Amino acid sequence: MSNMSQQRRHIETILSYGGHQAIGNSTPPELIGRSWQRCINEYGLDPSRPRPARIVTQQTLLEHQDSVDELLNVARAGVEQLFTQVASLGYVLLLSDYRGITVQFLGNTKDDERLHKAGLYLGADWSEQYAGTCAVGTCIQEQQALTCHRTNHFDSSHINLTCTAAPIKDPFGQLLAVLDISALDSPRTSDSQNFALHLTQLYARLIEDAYFLRRYRHSLIFKCDQSRELVQVNGQLLFALDEQGQVLAANTAGRDLLSQCQVTDQATISLPNLLECQWRDILSITYESKDGIRAFRLVGTQQTLFGMLIEPTLNVSYQRHLSNVLANQEEPVSELDCLCADDPAMRKTISLAKRLRHRDMNLLILGDTGTGKEVLAQAIHTSSQRSEEPFVAVNCAAIPESLIESELFGYAPGTFTGGRAKGAKGLIQQAHGGTLFLDEIGDMPLHLQTRLLRVLAEGQVLPLGAVQPVNIDIRVLAATHCDLSQRIADGHFREDLFYRLNGATLKLPTLNARADKQYLIQILLKKINPSVRLRADAMSALLAYSWPGNIRQLKNTLTFAEAICTSDEITVQHLPEEFMNHRPHTEVSHLSLRTTPSVISTAMQDRPSDSSECASLLELLQQQRWNVSAVARVLGISRPTVYRRMAKQHIVQPKNW
């Protein structure tokens with residue numbers, strides 16, 4: 001059957017649909033049928049008149065992204081992970097806000113034209129009122145996950161599409177966003193999308209729970225599940241608690257449980273009452289249970305739940321307990337500890353460096369250019385017993401070969417015409433008592449390697465033109481990006497020098513391989529300008545980049561962005577040009593780098609109209625005596641976002657304040 005014939009038959013099916021039967025016995029699922037009726041009766045849509053894809057303007061898109069920016073920041077990893085699961089099957093991924101506007105999109109660049117025409121694109125409007133029956137729009141209306149497969153779509157131009165969507169809700173059950181995966185071409189049977197539906201629901205839950213944990217990171221969270229073995233890695237129920245054990249909020253699974261127990265209509269819900277226990281029984285889980293898990297019985301049932309606690313980041317009693325634990329351990333070395341966060345390879349390197357920092361043994365630091373070899377060497381010196389003595393850094397590849405001998409070993413008076421009358425101390429002698437850092441040691445000329453070997457073996461240096469050697473006490477930290485084993489095999493590096501330098505090897509991973517890139521970005525930006533912050537779209541772009549120049553390139557990038565930023569917020573527009581066109585290391589494209597920051601206020605459980613939103617913001621400003629910073633903290637958004645909302649709503653601070 002031709003595509004035109006299929007469209008004509010599809011139009012006839014919709015127009016003849018009466019809620020129970022359709023031409024050819026092609027009865028749609030009940031929720032699809034309800035959507036068809038809404039499209040005709042409420043929205044006045046005509047299936048015989050397909051509507052072109054509606055892509056909103058860049059400014060409108062930014063406004064929609066701004067309304068869900070905190071979610072976008074949290075959802076990034078989950079969205080990209082889901083896309084890697086389905087991209088090879090021909091799917092694209094859309095994340096829309098609660099109004100149906102696509103605020104994040106991942107797709108294959110080779111299909112850009114077809115995707116744009118079909119509306120599978122950043123900024124596309126998939127609201128049911130405009131696009132008709134579709135996965136995103138109907139998910140918004142029905143508040144449940146669904147697949148809209150081929151002829152389930154209202155618009156006849158979409159009958160080749162298959163779309164699967166799942167809702168993402170805030171801690172109070174209000175719709176935040178819709179996660180959708182779609183394909184331009186698909187099998188004819190809707191059963192082919194069953195797995196897609198389950199996968200989309202799974203990632204929607206993961207994103208929703210990640211948002212919940214971030215939203216209530218300063219509150220005590222009770223995490224529970226029916227399985228003791230899975231509660232730590234996949235606890236499905238989350239409850240945020242206040243200091244008395246009252247439930248502040250719950251995730252979707254938690255709210256469903258409260259509904260089953262018929263307690264959701266109560267003003268306050270006590271978790272101890274819900275679990276038939278004392279408040280102390282919950283608080284003491286971490287300290288009295290060997291595995292940090294305790295079993296509880298659900299009130300009025302025989303159901304057992306296994307629970308654990310996630311301590312708040314600013315909990316005083318927890319911090320005091322943590323301090324007591326750390327007091328019995330070795331005091332951390334801040335210079336080394338601040339070089340990484342939770343990257344396993346770096347933690348291993350830092351742990352070894354901390355063990356060896358006081359030992360008078362030479363160390364070899366290996367890593368690509370720009371990975372921070374000199375920074376690590378400086379941190380080892382600063383945290384060692386030689387910290388009060390000199391740290392002398394030498395780049396063996398940067399000093400001209402004709403000068404490197406005199407630079408390293410120094411020279412006696414009268415050695416050179418035009419030299420200093422009293423001679424000069426070499427860099428090795430200048431490092432006496434401290435640390436000599438030899439960067440790019442693999443590029444040192446072979447004849448100088450012999451002299452360096454003698455210095456290390458004898459503890460003496462003989463300046464050029466001198467007769468008597470000078471005793472020295474140095475520790476050598478050498479670094480290179482070269483494969484020294486290969487250079488030894490090629491005859492370009494002395495094997496005996498290698499073993500003199502290589503008391504132990506410290507390896508630095510590339511920036512792209514590190515799991516703590518976000519930590520490094522924040523630390524470097526704070527050093528450049530502590531008053532400037534990164535918007536979510538800029539952070540996403542930086543995290544997605546491959547960083548061939550490693551940390552050195554990252555520092556230069558942040559310095560550039562801070563220099564051209566005219567406010568206190570760096571956006572993706574402030575990054576160098578290569579970040580605007582960069583795609584992740586797959587054949588698919590990441591077209592959603594321009595996310596903007598904000599967060600949904602805890603006070604905004606209902607979606608207010610513009611007028612009520614204006615009144616709420618004005619009232620909050622007055623309550624906080626026009627302190628914009630205080631208002632931003634209450635709403636959980638940035639100060640620039642508050643100012644943008646004030647400008648949008650024409651709110652002006654009175655002159656007498």
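In the hairpin of β9 and β10, six residues lie between the strands, and G300 takes a positive phi near 75 degrees. Strands here are DSSP runs of E with at least two residues, helices are runs of H or I with at least four, and both are numbered from the N terminus. The model is predicted: local features need pLDDT of at least 70, side-chain atom pairs count only at pLDDT 80 or more, and totals for chains, interfaces and linings use all residues. Residues are numbered from 1 along each chain as its sequence is written, and side-chain values use heavy atoms, with hydrogens and water left out.

β9 and β10 pair in the antiparallel sense over four bridges. Two strands count as paired if DSSP finds at least two bridges between them. R294 has G307 of β10 as its bridge partner. β10 also pairs with β6, again in the antiparallel sense, over five bridges. Here F222 has L309 of β10 as its bridge partner. β10 is mostly covered, with five of its seven residues buried. Buried means under 20% relative accessible area, exposed means over 50%, and partly exposed lies in between (1.4 Å probe, protein chains only).

These strands belong to an open sheet of five, in the order β8-β7-β6-β10-β9, with antiparallel pairing. β8 (247-250) and β9 (294-297) stand at the edges with a single partner strand each, so one side of each has no neighbour in the sheet. Neighbouring strands are turned by 35 degrees against each other on average, direction ignored. Strand β7 (residues 237-241) pairs with β8 over three antiparallel bridges. A240 has A249 in β8 as its bridge partner.

Helices pack on this sheet. Helix α8 (residues 194-215) touches β6 (220-225), β7, β8 and β10 (304-310), and its direction makes about 15 degrees with that of β7. Contact means heavy atoms within 4.5 Å. Axes are lines fitted to C-alpha atoms, for helices over the stretch in contact, and angles run from 0 to 180 degrees between N-to-C directions. Helix α10 (residues 252-260) lies across β7, β8 and β10, and runs at about 85 degrees to β7.

Another open sheet of five strands has the order β12-β15-β18-β11-β19, with parallel pairing. β12 (391-395) and β19 (504-507) are the edge strands; each has a single partner, so one side of each is left without a neighbour in the sheet. Neighbouring strands are turned by 20 degrees against each other on average, direction ignored. Strand β11 (residues 363-366) pairs with strand β18 (residues 475-480) in the parallel sense over four bridges. L363 stands opposite L477 in β18.

Helix α16 lies across β11, β18 and β19, running at about 145 degrees to β19. α16 (residues 344-356) has 13 residues and reaches 19 Å from its first C-alpha to its last, close to the expected 18 Å. The expected span is 1.5 Å times one less than the number of residues. M346, T349, I350, A353, K354 and L356 of α16 are buried. An α-helix has 3.6 residues a turn, so residues three or four places apart point the same way. At the start of α16, a side-chain oxygen of D343 reaches to within 3.3 Å of the backbone nitrogen of A345.

Two further helices meet. The axes of helix α2 (residues 30-41) and helix α7 (residues 135-142) come within 11 Å and cross at roughly 95 degrees. That makes α2 roughly perpendicular to α7 (65 to 115 degrees; under 35 is roughly parallel, over 145 roughly antiparallel, the rest oblique). L31, R34, S35 and R38 of α2 make the contact with T138, Q141 and E142 of α7.

Technical notes. Polar contact = N/O pair within 3.5 Å; in protein donor to acceptor, adjacent residues only side chain to side chain.
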